[in-house]
Amino acid sequence: MGAKRKKRSKGSDSDEDDERDSPPPKKQGASASSDSNSIKQKSKKKEILPSMIKNKEKRSEIHAKLKRQKKLEKRNKLKERQAAEKRALELGEEPPEKKVPRTIENTREFDETVCMPDDEELFAGNDADEFSKILSQQQTPKILITTCRFNSSRGPAFISELLSVIPNAHYFKRGTYDLKKIVEYAKKKDFTSMVVVHTNRREPDALLIIGLPDGPTAHFKLSKLVLRKDIKNHGNPTSHKPELVFNNFTTRLGHRVARLIQSLFPQEPEFKGRRVVTFHNQRDFIFFRHHRYIFETKEIKKTDTKGKKDEKGTNEKVPDHKTIARLQECGPRFTLKLISLQHGTFDSKGGEYEWVHKPEMDTSRRRFFL
Amino acid sequence: MPRTTTVDCIGCPPLRALTFDTLGLIKVLEARDKQGAPRVVERWGEPDSSKGIMAVSMIQCHSNPLLAVARKNGQIEILSPVSGDLQATISSSSDLDLQSDVVGLHLFAKANLELSTRPCTLLTCTSKGNASVRSIDITDSSIESSCLDSSKAWNVCASGSIECCKVDGSEKFALFGGKGVEVNLWDLDNYSKIWNAKSPPKDSLGIFTPTWFTSAAFLRKDDHRKFVAGTNSHQIRLYDISAQRRPVLSFDFRETPIKALAEDIDGNSIYVGNGSGDMASFDIRTGKLLGCFTGKCSGSIRSIVRHPELPVVASCGLDSYLRLWDTKTRQLLSSVFLKQHLLHVVFDSGFTVEEIPQGADLPCKEQSVNEIGVMQGIEAPSLKRKKSSKNKGNVTDSERKKRSKNSKEGKKSKEMMKVRRLCQRVNRNPRKKARARNVKLMKKGCDSYGSNSM
């Protein structure tokens, strides 16, 4: 380092390119503390990023300054916006439009596999797939749940909760059977799907959903599992058939995965039970939630409409009742991420994949597959 | 850190391809303009899952091309690949057993050329091993049931299930293989088995992998003795029936079963696709990996087809994309999303852009060549010469001048081949550095696989 600097000073100070490229001139200036150098610094300050400065004290100082500046700018912007809104309200004009923040989801990369609702081929394809029988209620789903070979602690607890979530599900001990043998058995006994919970280090970490008899096999990574007893104020589900909510499954693959999951549940919800099972897809993560809901009528307090009070103050004699839905979470909470979707039933060696996640596909954080 | 730049597709030269999917739809794709992406021009058939297309065969012929399609419900339809008109249907309920699907289908081009009345002959093979050769009269009047003139049926295998069936270029020999069935070669003149493969010996651990052939291809059109076969245990084997019954060469490719194989025109390299969507080309003389086709392909590859003239390979599969690749650079030219699981793809080589005047397809070809080859000065005229024999009217003056300079000895095809081969050799040189790295990798791969190969 030192040798380099020496070299430069020896060679020529007029080498402008050299100076511009390298950050050390700062330090040099500080040590020399000549006026000409400090002027140079000031003019350069705007161009130099804090990360390019090697002196830590200086760097953190400049960084703090920049941060403060940004904060101030942000606050000023907010003030301006609020002022404009207030002015518009006073003048009786339309308030300026609220800006929609840019998120990763709404700046998603264009994907040609996203399904349009008017796509007739999509519906024809859906009618022809393996789940159409169950989803059109010609067949009642019957689920076999099993585990990996070694299963303890949270695994069985999770399975007992799954059994309460999925109606008509039967748990079978894995024993030492091959998965392919179990698939054969389940086919013979007219099961429509199979769920395998895989545990690693006494913690469930993968879920395999197999459509039977020839449906696809989806392999999910399971994470963020919270069991019922760990949820505060949890409810206990009844044995009614649940309602299903699927959010944001947009692409062709997403539809297929959603239909695979949907085929685990019977398709006639008992609304009396007020049970909802939600599969919410966000950035390719599928969030599972299980709720009970209740409709309540509630009076609206007048204080919450502060701004409009002086305008509408006279004509408020309407009964302020509003029905709201209250939710109570019950049952497990977990997150799934699709790793692969296999054509046919489970076959790890000779299986054909409809979709596999490959590292080369992660070209952008705004690219999603479901 | 993942790569954040988007790779734009270059677009492909004018061509026409037909894709066949699980719902029984036939989609016709055409790329017309210079470097345009192919678009779906026509869609034949109504979506019906029982009509999924199991096997396809096409006669590439300029006067009257024919397309045969075997459906899941056992019907075999003969269509015109130009208009999609149904010309004949054969329902197999009478003579083929219903339980097994048709896995192999071949339309014989020879018979088609000889007679004007077009009694077309086709070979079918079901998964249970019932092969039959039939000839059918195509009369435009009766579409529903065409009479079977003559048929000859025989059984290829006693047990197991056939999964691949190929007929060689001279159309005298047929190749069958499948799950539990070693590849065997049949003489189609007198319907006799002439050769049967022998399974490779047990490996060093004494483990015998069960036979399960998933795909096969003849290496050359004029040579029925050499062919490659892909197995479910991700092995690619080269057989030479004049040498031995065991594979001459065998090597592994990745970890999922080989699902598609296609040969190149030169007979030295093959294209391999597997169950997890990896595609690569191999030099079959040495078994070395030439390179992989990378392009976010995520679903099993079901079919690979080499264009008979252009340097383009098409692949399609369960991820419902049709992808077109350059054979030399192995770059993705374009990809089309076709919504259904695709099972087969076929090129229509008789397609030329006719609507656009002034020889629109000629400069395109040149451009695509420019991208591929660095030494366009030698290569371009050779292509032009070939093209000029087809449609002379389209050639512009400047090109004619060039041609007159370059082509002194007329249109001898042998000469042409020589020039092209020379160009290829020259082309390789500038990219040697980049390739050297590949070669290193290849060697590594070979070593790791070396214990398995023979």
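Analyst: Among contacts in chain B between residues at least 6 apart in sequence, 49% join residues at least 24 apart, a contact being heavy atoms within 4.5 Å. The model is predicted, so local features need pLDDT of at least 70 and side-chain atom pairs count only at pLDDT 80 or more, while totals for chains, interfaces and linings use all residues. Residues are numbered from 1 along each chain as its sequence is written, chains are lettered from A and ligands numbered from 1 in the order in which they are written, and side-chain values use heavy atoms, with hydrogens and water left out.

Chain B contains six helices and 28 strands; these are DSSP runs numbered from the N terminus, with helices (H or I) of at least four residues and strands (E) of at least two. Of the 454 residues in chain B, 53% are buried, where buried means under 20% relative accessible area, exposed over 50%, and partly exposed in between (1.4 Å probe, protein chains only).

At the interface, 33 residues of chain B are in contact with 26 residues of chain A. The two chains bury about 2400 Å² between them, 49% of it on carbon and sulfur atoms; buried area is the accessible area (1.4 Å probe) that two parts lose on being put together, summed over both. B:Lys296, B:Ser298 and B:Lys339 supply 24% of the area that chain B buries against chain A, more than any other three residues.

Six salt bridges are counted between chain B and chain A, each being a side-chain nitrogen of Lys or Arg within 4 Å of a carboxyl oxygen of Asp or Glu. In one of them, B:Lys339 pairs with A:Asp119, the closest N and O atoms being 3.4 Å apart. The side of chain B that touches chain A divides into ten nonpolar, 13 polar and ten charged residues. In this division Ala, Val, Leu, Ile, Met, Phe, Trp, Tyr, Cys and Pro count as nonpolar, Asp, Glu, Lys and Arg as charged, and the others, Gly among them, as polar.

A:Lys358 also forms a salt bridge with B:Asp278, with the closest N and O atoms 3.0 Å apart. A:Lys358 lies in the segment after strand E11 (352-356) of chain A and B:Asp278 in the loop between strand E21 (269-274) and strand E22 (279-283) of chain B, so the pair joins two chains. Both A:Lys358 and B:Asp278 are buried.

Over all chains the count comes to 28 salt bridges. Within chain A, A:Arg283 pairs with A:Glu105 at 3.2 Å between the closest N and O atoms. A:Arg283 is partly exposed at 37% relative accessibility, and A:Glu105 is partly exposed at 27%. In chain B, B:Asp283 forms a salt bridge with B:Arg285, again with 3.2 Å between the closest N and O atoms; B:Asp283 is buried at 14% relative accessibility, whereas B:Arg285 is exposed at 57%.
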